[in-house]
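Dear colleague,

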Amino acid sequence: MSDIYKNRSVTLATTNQTPVYTVPTANVTTVPPQKPVQALIKSIRVCNDSGGAVTVTLVNTDASVGADVKITNLLSIGANTAVEILSQTLVVEDSDVIKATASSAGALDIIVSVLEIT
């Protein structure tokens, strides 16, 4: 078993749903083979660096059920402030994708801190 700490950072440049973090997908045909991965998301930090409030919606596209499950919906983040979305660790699995949507383009930065376990 291998543990790897990672972070993924993204600026939400549009108001479209944007992938922020994808759990690696198992693939035995690659060299070296990609084993199945579980990830522990320790933190999702969202910073609004604009002069007005902006809302964010975060979803987990759960590959095991083929559906988007909301983590937070239309959370308002005040001007020039940052918020921590998680109060506890979020467990995601092979091929799951964390995605974000902002109400204003270019206003929000997101950092996701992850422990990947194979």
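Strands here are DSSP runs of E with at least two residues, and they are numbered from the N terminus. The model is a predicted one, in which local features need pLDDT of at least 70 and side-chain atom pairs count only at pLDDT 80 or more, while totals for chains, interfaces and linings use all residues. Residues are numbered from 1 along each chain as its sequence is written, and side-chain values use heavy atoms, with hydrogens and water left out.

An open, antiparallel sheet is formed by four strands in the order E2-E8-E4-E5; two strands are taken to pair if DSSP finds at least two bridges between them. Its edges are strand E2 (18-22) and strand E5 (67-77), each of which pairs on one side only. From one strand to the next, the twist averages 20 degrees, where axes are lines fitted to C-alpha atoms and angles run from 0 to 180 degrees between N-to-C directions. Strand E4 (residues 54-62) runs antiparallel to E5 and is joined to E5 by eight bridges; Thr55 has Ser76 in E5 as its bridge partner.

The loop between E2 and strand E3 (38-48) contains Pro32, and the peptide bond from Val31 to Pro32 is cis, with omega near -5 degrees.

Leu74, in strand E5, is not a glycine but has a positive phi of about 50 degrees.

Yours sincerely
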